[in-house]
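Me: Hi! Could you walk me through a few strands and a helix in this one?
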Amino acid sequence: MSCNKISTSNKLVVQLLLVLWLVHASESARPPFACDPANGLTRTLRFCRVNVPLHLRVQDLIGRLTLQEKIRLLVNNAAAVPRLGIGGYEWWSEALHGVSDVGPGVRFGGQFPGATSFPQVITTAASFNQSLWEEIGRVVSDEARAMYNGGMAGLSYWSPNVNIFRDPRWGRGQETPGEDPVVAGKYAASYVRGLQGNAVGNRLKVAACCKHYTAYDLDNWNGVDRFHFNAKVTKQDLEDTYNVPFKACVAEGRVASVMCSYNQVNGKPTCADQDLLKNTIRGQWRLNGYIVSDCDSVDVFFNKQHYTSTPEEAAAASIKAGLDLDCGPFLAIFTEGAVKRGLLTVNDVDLALANTMTVQMRLGMFDGNNGPYANLGPRDVCTTAHQNLALEAAHQGIVLLKNSGRSLPLSRTRHRTVAVIGPNSDVTVTMIGNYAGKACAYTSPLQGISRYARTIHQAGCSGVACTDAGQIGAAEAAARQADATVLVMGLDQSIEAETVDRTGLLLPGHQQELISRVARASRGPTILVLMSGGPIDISFAKNDPRVGAIIWAGYPGQAGGAAIADVIFGTANPGGKLPMTWYPQNFVAKVPMTNMALRPSLNYPGRTYRFYKGPVVYPFGFGLSYTTFTHSFAQNPQTQFSVPLISTYILNSATLNSSSHSIKASHADCGKMTILPFHVEVANTGEFDGTHTMFVFAEPPENSKGSGLIKQLVGFEKVHVSAGAKRVIRVDVHACKHLGVVDEYGKRRIPFGEHKLHIGDIKHSILVKPSIGGN
């Protein structure tokens, strides 16, 4: 009797184990990319031995390839090498703010119908929350690995986009972290760390890629397109703005890849510029990874920019400059001819392959299907926790621009009926912006508000172009019947997108008329919600007393409608800050997109908060809350700072630049400099719990204003403070890192004199002077 019971129990255990094995097998549907343990022909080869150092495995593999096999591996759709048991691989996958099917490396369907779609990058950047940025990257890479295991995705993701959002008309500004190079650099490093993981040693969870290097921020404006554009950039602007986030990607984020851009910089295609690629990215910054072209960039600089006379010369120029992988077929077609003509050597090709293959091995692609991420599968995609994070990210990124007379938050008891009006009031796909995938689920603004109140819905326009004013009357009627009115307006990918730059900053079509007429008709408070990636000149609404509140939601992701409603009704307290300046319409009349200069000059006002002094609609870093915050020093801060010189350097007229009263940072003994700690008490003096971003800006001395710099961001800290409570934040300032300015030669200098720090609402001066002999 007992024996029978044991036998039955064993059968149940066996059945359970079989079920678990089948579940795991279904999640790991992808056959091994290479080094399949079941393949007796290859499992003993040296490049398949996991205990052999990576560089020796790569060397062994390259030594077994023919030239033709090597060349077919230089492109994004790398060919299989069946005789060595190596599968084909698609390098091009995207994960800007969630796993995306924009690239051919990702497919949705079957067990993977979608993936978590987070807010567009410009909205997430508005949170100024570095830990959030990294956590989003971690979740995206979990889902990417799960989809790879299921045979639906790759492991190399050409994200993030860390270009500077220099011009408000740029259609791809939505993909970036904004206009400030420090913010872009910190975003880049945080997101890359999240994507690539913290695996032991040199291993990668997925391989991230920072793009588009460099000075790339024009798509198609006034007859000039990105394929023909020559960005004329000074050494000064390249060093202190355009290259900053890419350097942070490599040096701080340890990114596995950098993508060169379509445009030329000072007459050279970036993908053929040895100084930009081999000398800077790999040489100065010490990239541990590969350099890839934007798609068809090599073809572009040959066929459209006519940079070389023959395609073989183009192939040779790109590889010799440091390009390792071509997104597109160009190198697969013309590299062999370049080698035969003596324009390239086989060793040049081997060096490129070594960089890409090393990344594949760091990803575990030559280790069979083993590794720390092998168990991720369908159950790890679109989880409740992941979708909750998408909602939280939208909460943190929403920016409150106006709140007259405390129009917000609305009350669920006083505002029982809400008119929800506007072309973006019931959208779904619009909320996720570009380079997005298939979202797990959507909550539109109308759906979100419907959870709090009875709604009366009117579109007001047929799409954001709003070419017909015929529906405005019905919208006015809805507003007269409601206790409050929410207008959800703005832009979408038909107005701003890749290859689509805007010509102006005003709302399209009849949107302004719709807003103004509905605000006049509204029986209760009127709330304007804007979806857009770029800034909009809404001066009319800012100055209209009948528009009680204005919210910028960017493109808030799959949970955007829920987040907007939570902010409107006070379930979430907005804490986002603008990551870019909102200019008036007349700014773009003075400034062609083709002028890359950041500093002002005759008849040119300059760009971004760091150099532009003209009028703005809303400044960089602006954002309101339902509560109020004050700042004070918790400890008396230092007022002087001495810069020690390197021991072999003597302070004389050659050291101290008489015109700028500064010293080259390379002549300062930065390692011996003490860090200036500032302990700042942040007090929540209002009635709501809230999150607050404390910015620290540095203003250089008057004698260095020749740099054109007004002020620059030193750092920022995100802090949550309960109503009536206080928190102390420590901010460290270092003269070499934070108080330097870049001169016209692209060299960083430390100005002597009075530097002014703006810490929240505190202004504090520091006298910086040279130190000789310990004085």
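**Strands and a helix**

Reply: Strand β26 (residues 753-759) runs antiparallel to β21, and four bridges join the two. Two strands pair if DSSP finds at least two bridges between them. This is a predicted model: local features need pLDDT of at least 70, side-chain atom pairs count only at pLDDT 80 or more, and totals for chains, interfaces and linings use all residues. Residues are numbered from 1 along each chain as its sequence is written, and side-chain values use heavy atoms, leaving out hydrogens and water.

Me: Which residue of β26 is the bridge partner of Phe697?
Reply: That is His758.

Me: And how many bridges pair β21 with β22?
Reply: Nine, in the antiparallel sense, with β22 covering residues 712-721. Ala698 stands opposite Gln712 there.

Me: Why is β21 largely enclosed?
Reply: Because nine of the 10 residues of β21 (residues 690-699) are buried. Buried means under 20% relative accessible area (1.4 Å probe, protein chains only).

Me: New topic: what is the strand order in the open sheet of three?
Reply: The order is β17-β20-β23, with antiparallel pairing. The edge strands, β17 (629-633) and β23 (726-733), each pair on one side only. β20 (residues 676-684) and β23 share eight bridges, and His679 stands opposite Arg730 in β23.

Me: Nice. Which residues of helix α17 are buried?
Reply: In α17 (residues 511-521) they include Leu514, Ile515 and Val518. Helices here are DSSP runs (H or I, at least four residues), and strands are E runs of at least two, numbered from the N terminus.

Me: What covers those buried residues?
Reply: Among the elements covering them are β12 (417-421), α16 (472-481) and β14 (484-490).

Notes: Buried < 20%, exposed > 50% of the residue type's maximum accessible area, 1.4 Å probe, protein only. Contact = heavy atoms within 4.5 Å.
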